[in-house]
Amino acid sequence: MNRFQSPSLFSLPLVLLVIFYPPADTVSAQLTIRRQGRIEGTIVSHSGNTISVKVDGKQQNFLYTLPGQTTVPLTRGQVNLRHQNEVRVSGTLGLAALSAGQKIEFDCSLTRSGRSQGEVSRLKIVPGDSPQRITSSREARNSNDRVPCQVNGTIESIRNQSLVVAVGKREFAPQGKLRIRLSKDLEASVDEKTMARVSSGDLVEELAYSELSTGDLVVNRISIRLERSKAGPQRPRRPPPVSDEQKYLKLSDQPTNPRDLRSQHFLLHTDLSDRSSSQLLDKLERMLDLISRYYGRSPNSIIECFVVNDLAKWNEIPLEPAGVQKIREKAGVTLSRSLGQQRKAVVYACGDHGVVQHEAVHAFCFQTFGSTGPTWYSEGMAEMGQYWRKDELAVNISPPVIRYLTGSPPKKMLDIVAAGQVTGDSWQAYAWRWALCHLLANNPNYSTRFKSLGLNMMSGGKASFESVYGDVAKEISFEYDLFVKNFGNGYRVDLCSWDWKTRAVPLSGQRRVNRKIDSRRGWQSAGLKIQQGKKYQYIAVGQWSTSPGESPVSGAGTGDGKGRLKGVVFSDYELSAVMEMGEKGEFVAEKDGYLFLRCGDKFTELADNSGTVTVHFRRAVAEQNESPD
């Protein structure tokens, strides 16, 4: 039997917290955008979060988020800006660009035994999660027949112009590997989302940026073309990170006896297989990094977890009865003890990784802040913790939760935050709490207050949902109802936040109003206050696209309605029926209110849209001599 490390605080009485799992931005100050722009130029250097670009002989510095980051430190504001940018790096390199561990794709001719003929002169470096495979153009006629094939594999070794590629045992590769001869003039094409290969002299084809009120220039989108002349041996080899598929490939899936495993911040007692436990520890560390960044506090002690797949293997190991009960229910519980300033939280959970992640959020919050806050916040944030992913702002949760939330009668916001709730009540209650916390944490209208509220509640302060959000309760309730109605995997709360600040004006005489509408955003203010019974004319100038690679369209959209300009009237926290507006036309206002517009596309698919249209409004010609009411 393994000897487990016993926490010294476990002899203390239970005084604070028992948390059950049911079966189943950091921006301060008033930052504004002064202007937005686009440039072309040449890379001078890039280091940390800064990239220097030479534009018309003048060097400019831009800030951007690195892979795995969700914030960028502003140089002049002493603050971290919650931000994401798009990076595309493409080009054609040479032999020096290749290294072990990379996934590649190329064409060659192979015999049944895996012998190749000639040299490969072109290949692609593909993403690390690309599958290994060989696709043949036809069947081999005999053992010496060389068949044209497309190969996707992993570089095992490269020496001079000889390449060993792992493809797995299959037809045309009975040994699971191929040995390929490369041309000395090899062209290796890349199309990546990281600047790891970028160096001085590479071309900036497009850099879209925002200039903030702090004076900082922040990258929104950047496209870089690697210079072919830089692709010789002097270009450093920077292989991409090893994919999960490669990392866990050699680990066993067989269950084991209970044992101790350690990572930087976790002590795991488990009987899970080597592969499952390794994957779990990595998930926990990634999740803890995101949570620590969000709260601005690093873990102050190891988090201990008992993760049990088969209770029969634990007969000789003492486990807390409350933990055993939850494990039997295929659920989890966090048992927390304290003595003065000493705090210890221990997780007991079944082998479901999501359950362990949920409970680990409770353990981190208790050990770091002394409490997990009221039930609605505690459970909502723990659910968020299990779903958070690096570099992802989009909703990414299990489909049953989506079906439940979108198919159930809306739950009132004040019922979700009501006092007197208990942990472990139901997964449905947890789903509603997740929805509210996800909205408040990611919506720029409320995210700053939400973080402060959480820190106060977990640290024993007197703040409450009502005291912090009482003045905007109607606004939150309105946005919450819209979120639950329209969300799904891919939904971006930050892109769909409601515009409460744009000043809207009525039209009279020959006065005009025009507003630029972004295809990536949800409903956006038209800047127009409409009046019942009045007729308005409009025209949308410009083009946008609802999918990468698709031809741009006007505000008229396509035949199936994608890309069509749509409108809705906001009045007293209610929305009218949606108006199918198109590129130009006129309408009579059915009631007083404020006009909002958007590009016709699913709310869950806005993030990959591009382009804007500018919509111009005026009163109908026959009404232009009238005065506003």
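Helices (H or I, at least four residues) and strands (E, at least two) are DSSP runs, numbered from the N terminus. With that settled, here are my notes.

1. A word on the model. This is a predicted model, in which local features need pLDDT of at least 70 and side-chain atom pairs count only at pLDDT 80 or more, while totals for chains, interfaces and linings use all residues. Residues are numbered from 1 along each chain as its sequence is written, and side-chain values use heavy atoms, with hydrogens and water left out.

2. Strand β14. V204 sits in strand β14, which covers residues 203-212. V204 is buried at a relative accessible area of 3% (buried means under 20% relative accessible area, exposed over 50%, partly exposed in between, with a 1.4 Å probe and protein chains only). Which residues does V204 contact, leaving aside neighbours within four places in sequence? They are E40, G41, T42, I43, V53, I222 and S223, where contact means heavy atoms within 4.5 Å. G41 is 163 residues away from V204 in sequence, yet the two C-alpha atoms are 5.0 Å apart.

3. Strand β7. E86 belongs to strand β7, residues 86-93. With a relative accessibility of 39%, E86 counts as partly exposed. Setting aside neighbours within four places in sequence, E86 touches N220, R221, I222 and R520. Between E86 and R221 there are 4.6 Å from C-alpha to C-alpha, and 135 residues in sequence.

4. Helices α5 and α9. Helix α5 (residues 375-387) packs on helix α9 (residues 447-458) at an angle of about 115°, their axes 11 Å apart. Axes here are lines fitted to C-alpha atoms, for helices over the stretch in contact, and angles run from 0 to 180 degrees between N-to-C directions. From α5 come W376, Y377 and M381, and they meet F450, L453, G454, M457 and M458 of α9. This contact involves seven nonpolar residues, one polar and no charged (Ala, Val, Leu, Ile, Met, Phe, Trp, Tyr, Cys and Pro count as nonpolar, Asp, Glu, Lys and Arg as charged, and the others, Gly among them, as polar).

5. The buried face of α9. Buried residues in α9 are S447, F450, K451, L453, G454, M457 and M458. Viewed down the axis of α9, they fall within an arc of 160°, so they line one face of the helix; the arc is that of the directions from the helix axis to the C-beta atoms. The cover over them includes α2 (274-295), α4 (353-369), α5, α8 (427-442) and α10 (465-469). After α9 comes G460, with a positive phi near 90°.

6. Helix α8. Of the 16 residues in α8, 14 are buried, so the helix is mostly covered. Its first and last C-alpha atoms are 22 Å apart, close to the 22 Å expected at 1.5 Å a residue (the expected span is 1.5 Å times one less than the number of residues).

7. In α3 (residues 321-328), G323, V324, K326 and I327 are buried. Seen down the axis of α3, these lie within an arc of 165°, so they line one face of the helix. On the other side, P321 and R328 are exposed. K330 lies in the loop between α3 and β19 (332-339), and has a positive phi of about 60° although it is not a glycine. K330 is exposed, with a relative accessible area of 54%.

8. One more loop to look at. D572 is in the loop between β24 (565-571) and β25 (574-575). D572 is not a glycine, but its phi is positive, about 50°. At 63% relative accessibility, D572 counts as exposed.
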